[in-house]
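Colleague: Could you walk me through reading a structure like this one? I'd like the general idea each time, then the case at hand.

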Amino acid sequence: MTDEPEEKRNIILRLWDWFWSPTAVLSVGFTLIAGFLAGILFWGGFHWTLEMTNTEEFCTSCHTMETNLGEYRQTIHYNNHSGVRAICSDCHVPHEWQHKIKAKVMAVKDVYHEIAGTMNTPEKYEEHRLEMAEAVWTKMKLSDSRECRNCHNFEYMDFTIQETRAAAEHQRAIDNDMTCIDCHQGIAHNLPPGYQQRYENLVDRLAARDPSIRKAHDTVDAVVIKDYLETSIP
């Protein structure tokens, strides 16, 4: 009759011997432990890098971002009665992992344009303002304004304590399956001339390509909405 405890003990000993048996240079166990620790250090460093590139200081460290920074500091996302500040990454970086990584990869183009001097003068910046705005609008429209919903969500809004106009507009947005960017194109940065027609053309193109994208877009001037927000919120 087989001595079962002795057999199990032998299996454990064999596994222990295998774990610490030498490879060409080091033991298997040491290699696994070192690899595990290296993985922790790599993941920690990677996560730290992601968080560091989310800071406002990093986002505005490039010369071409100074214009954006000045405009943003004049909006309610920078100073408001609640004391809650939304920084660059809150509006431009998704929280979901897969979308966040994609956004980080796509941001490499900003480094390229900084080095290439694509927008190193106020005149060049204004020349590209409409193009940059359209890129953001497209991203927001296709994602149902995902980055806006990092902080804002219709489901959490109490319309009874909102300004009458705001409550009415938000209810209209819900009823017409609209998304944040349909009304708030210029909530944090100045809008370029001709933005309304450009936005309508964008929405029409997206809807033609993908019927699931509603053509609903606001007819209220986004500048009027922006001015209303800045004057109604102390």
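Modeller: We'll go from the overall fold to cysteines, salt bridges, one asparagine and a surface patch.
Modeller: This is a predicted model, so local features need pLDDT of at least 70 and side-chain atom pairs count only at pLDDT 80 or more, while totals for chains, interfaces and linings use all residues. Residues are numbered from 1 along each chain as its sequence is written, and side-chain values use heavy atoms, with hydrogens and water left out.

Colleague: How many helices and strands does the chain have?

Modeller: Both are DSSP runs numbered from the N terminus: helices are H or I, at least four residues, and strands are E, at least two. Here you get eleven helices and zero strands. As for contacts, meaning heavy atoms within 4.5 Å, 67% of those with a separation of 6 or more join residues 24 or more positions apart.

Colleague: And what share of the chain is buried?

Modeller: Buried means under 20% relative accessible area, exposed over 50%, and partly exposed in between (1.4 Å probe, protein chains only). By that rule, 29% of the 234 residues are buried. The chain exposes about 15,500 Å², with 62% of it from carbon and sulfur atoms; these areas come from the Shrake-Rupley method with a 1.4 Å probe, and for residues only the protein chains shown count as cover.

Colleague: How many disulfides does the structure hold?

Modeller: A disulfide is a covalent bond between the sulfur atoms of two cysteines. The cut-off is a pair of cysteine sulfur atoms within 2.5 Å, and the structure holds zero of them. Cys 88 has its closest cysteine sulfur in Cys 59, but at 4.5 Å that is too far for a bond. Cys 148 is in no disulfide either, with the sulfur of Cys 180 nearest at 4.3 Å. Cys 148 is partly exposed, at 22% relative accessibility.

Colleague: On to charges: how many salt bridges are there?

Modeller: Side chains of opposite charge can pair when their charged atoms come close. The rule is a side-chain nitrogen of Lys or Arg within 4 Å of a carboxyl oxygen of Asp or Glu, and the count comes to nine. One of them joins Arg 198 to Glu 134, with closest N and O atoms 2.9 Å apart. That pair links distant parts of the chain, with Arg 198 in helix α10 (residues 195-209) and Glu 134 in helix α8, 64 residues apart. Glu 134 is buried at 11% relative accessibility, whereas Arg 198 is partly exposed at 28%.

Colleague: Which helix holds both Glu 169 and Arg 172?

Modeller: Helix α9, where the two sit three residues apart, about one turn of the helix.

Colleague: Is Asn 150 buried or exposed?

Modeller: Buried, at 18% relative accessibility, although Asn 150 is in the loop between α8 (122-142) and α9 (164-175). Beyond its neighbours within four places in sequence, Asn 150 contacts Asp 90, Val 93, Pro 94 and His 95. A polar atom of the Asn 150 side chain lies 3.3 Å from the backbone oxygen of Val 93.

Colleague: Last one: which residues form the nonpolar patch on the surface?

Modeller: Patch residues have over 30% relative accessible area and no salt bridge; like charges are joined within 9 Å, and nonpolar side chains (Val, Leu, Ile, Met, Phe, Trp, Tyr) within 5 Å. Here Ile 33, Phe 36, Leu 37 and Ile 40 make one, with about 400 Å² of accessible area together. Phe 36 belongs to helix α2 (residues 28-52) and is exposed, at 56% relative accessible area.

Terms used. A polar contact is a pair of N or O atoms within 3.5 Å; within protein, one must be able to donate a hydrogen and the other to accept it, and residues adjacent in sequence count only if both atoms are side-chain atoms.
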